[in-house]
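Here is a friendly briefing to read alongside your model. Keep the viewer open and follow the topics one by one.

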Amino acid sequence: MGAERVNAVRTSFFGRGAISLLPAELKKRGYGRALLVTDRFLFENGVAQRVGDEILRAEMEYAIYYEVTPNPTTEVVRDCIRAAGMLKVDVLVAVGGGSAIDTCKAASIVLANGGRVEDYEGDEKSGKRGLPIVAVNTTAGTGSEVTSFYIVTDHARHTKMCMMDPNCMVDIAINDTDFMMSMPKSLTAATGMDAMTHAIEAALTWKATPLTDKDAYWAIRVIREYLPKAVENGNDVEAREMMAYAQNVAGMAFSNAGLGMVHAMAHALGGFYNLPHGVCNGVLLPCVLEYNGQFPETHERFEKIGEALGIAGLSGADAVRAVVCNIRGLGAKVGIPSGLGKLNNVNRGDFPSLARLALADTCMTANIRTPSLEDVIKVYETAM
């Protein structure tokens with residue numbers, strides 16, 4: 001597969017070598033000075049420099065901020081804002097996965113609107129479009145390059161803040177699989193299960209439409225087929241490229257349909273214990289599916305999810321059980337831990353606090369059923 005352009009509201013480039021298309025796009029937009037935002041690992045292994053070379057080919061100046069962390073914090077965002085402000089940049093370039101892109105989204109909103117990142121928690125809190133963002137993906141999972149969501153950890157409250165804001169959306173997205181080939185198996189699995197969760201939750205939200213269903217069910221089919229191949233052989237070009245497409249399409253589905261209980265509970269876990277987001281999703285997904293599948297009004301959707309997973313001819317509760325079993329099997333196949341008890345420091349005594357955080361999370365509002373506090377605690381217990 002070669003590089004190709006996908007026309008959308010924003011500009012996306014796909015395929016091996018797609019990074020070479022960036023300089024002309026930057027020139028066309030007339031940007032002059034960029035802050036490249038990444039983590040220390042990608043800075044030290046030369047990936048950030050490869051992107052920096054393309055920025056120079058656009059006859060632009062740039063500097064690098066390389067202190068992004070997994071589950072980026074308010075402190076990281078503040079540092080990024082400070083660097084961008086001092087340098088008077090007119091575009092932010094995220095190099096990495098969801099952490100780098102979310103850091104740029106948060107910084108872009110504050111740079112354009114003022115205040116603190118904490119001021120923008122919730123839905124559509126900004127008044128002006130953020131500073132332009134370029135996203136160069138090095139993972140295939142978050143879909144952040146096409147979504148209106150971003151997540152920032154607030155250590156003071158031991159929680160993840162979820163923001164939904166069209167003003168934060170990325171302007172130029174690069175999904176060049178040359179940058180994804182070196183992802184280790186564990187990161188491939190975690191980000192892939194994150195993408196699967198995006199697709200399934202988009203299919204189960206009460207806000208789902210035929211338009212979002214088209215994307216959600218296609219992504220489920222592709223991830224089911226290609227995620228195990230990408231984990232097994234990171235140099236499988238077809239698997240890497242199909243996962244890049246699938247996570248992008250799943251991102252479009254959930255950006256329009258919303259997410260649900262899995263993400264709300266995973267955000268609580270990640271903010272409380274600083275755990276990997278994709279792993280939390282992978283562990284919780286089958287347990288939340290069991291909860292949502294109790295309700296007959298969800299069964300038709302489970303039947304469609306089952307078809308996308310390759311499960312044919314089952315209906316009602318049988319379809320629910322088959323979907324849950326299939327997702328558990330996929331997680332086991334790609335190496336997702338079997339329960340929360342396998343993750344660092346997770347303590348049953350914290351479940352009431354985690355459940356309250358999850359119920360307050362923006363993502364919970366789109367779940368097809370609104371759970372009680374006791375329901376959420378029970379799902380955490382089941383996932384243990």
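Proline 337 touches Val279, Val283, Lys342 and Leu343, leaving out residues up to four places away in sequence; contact here means heavy atoms within 4.5 Å. Please bear in mind that this is a predicted model, in which local features need pLDDT of at least 70, side-chain atom pairs count only at pLDDT 80 or more, and totals for chains, interfaces and linings use all residues. Residues are numbered from 1 along each chain as its sequence is written, and side-chain values use heavy atoms, with hydrogens and water left out.

- Proline 337 lies in the loop between helix 12 and helix 13; helices (H or I, at least four residues) and strands (E, at least two) are DSSP runs, numbered from the N terminus.
- With a relative accessible area of 27%, proline 337 is partly exposed; buried means under 20% relative accessible area, exposed over 50%, and partly exposed in between, using a 1.4 Å probe and protein chains only.
- Proline 337 and glycine 282 are 55 residues apart in sequence, and their C-alpha atoms are 8.1 Å apart in space.

- Threonine 74 belongs to helix 4 (residues 74-87) and is buried, at a relative accessible area of 2%.
- Not counting residues up to four places away in sequence, threonine 74 touches Val117, Glu118, Val152, Thr153, Asp154 and Met161.
- Phenylalanine 272 sits in helix 9 and counts as partly exposed at 27% relative accessibility.
- Leaving aside neighbours within four places in sequence, phenylalanine 272 is in contact with His158, Asp350, Leu354 and Leu357.
- From phenylalanine 272 to histidine 158 there are 114 residues in sequence but 4.8 Å in space, C-alpha to C-alpha.

**How helix 6 meets helix 9**

- Two packed helices are described by the angle between their axes and the distance between the axes.
- Helix 6 (residues 185-204) packs with helix 9 (residues 261-273) at an angle of about 140°, and the axes are 9 Å apart; axes are lines fitted to C-alpha atoms, for helices over the stretch in contact, and angles run from 0 to 180 degrees between N-to-C directions.
- That angle makes helix 6 oblique to helix 9; angles under 35 degrees count as roughly parallel, over 145 as roughly antiparallel, 65 to 115 as roughly perpendicular and the rest as oblique.
- From helix 6, Asp194, Thr197, His198 and Glu201 meet Met261, Val262 and His263 of helix 9.
- Sorted by class, this contact has two nonpolar, three polar and two charged residues; Ala, Val, Leu, Ile, Met, Phe, Trp, Tyr, Cys and Pro count as nonpolar, Asp, Glu, Lys and Arg as charged, and the others, Gly among them, as polar.

**Aromatic pairs**

- There are six aromatic pairs in the structure; rings of Phe, Tyr and Trp (its six-membered ring) pair if their centres lie within 6.5 Å, and planes under 30 degrees apart count as stacked, over 60 as edge-to-face and the rest as tilted.
- Phenylalanine 14 and tyrosine 245 form a stacked pair, 4.5 Å centre to centre with 10° between the planes.
- That pair links distant parts of the chain, 231 residues apart: phenylalanine 14 is in strand 2 (residues 11-14) and tyrosine 245 in helix 8 (residues 237-257).
- Phenylalanine 14 is buried at 3% relative accessible area, and tyrosine 245 also counts as buried at 16%.
- The ring centres of phenylalanine 43 and tyrosine 66 are 4.0 Å apart and the planes are at 5°, so this pair is stacked.
- Phenylalanine 43 in helix 2 (residues 40-44) and tyrosine 66 in strand 4 (residues 61-68) are 23 residues apart.
- Phenylalanine 43 is partly exposed at 32% relative accessibility, and tyrosine 66 is partly exposed at 26%.

**Charges over rings**

- The charged end of arginine 50 sits over the ring of phenylalanine 179, 4.3 Å from its centre; this requires NZ of Lys or CZ of Arg within 6 Å of the ring centre and within 35 degrees of the ring normal.
- Arginine 369 has its charged end over the ring of phenylalanine 295, 3.8 Å from the ring's centre.
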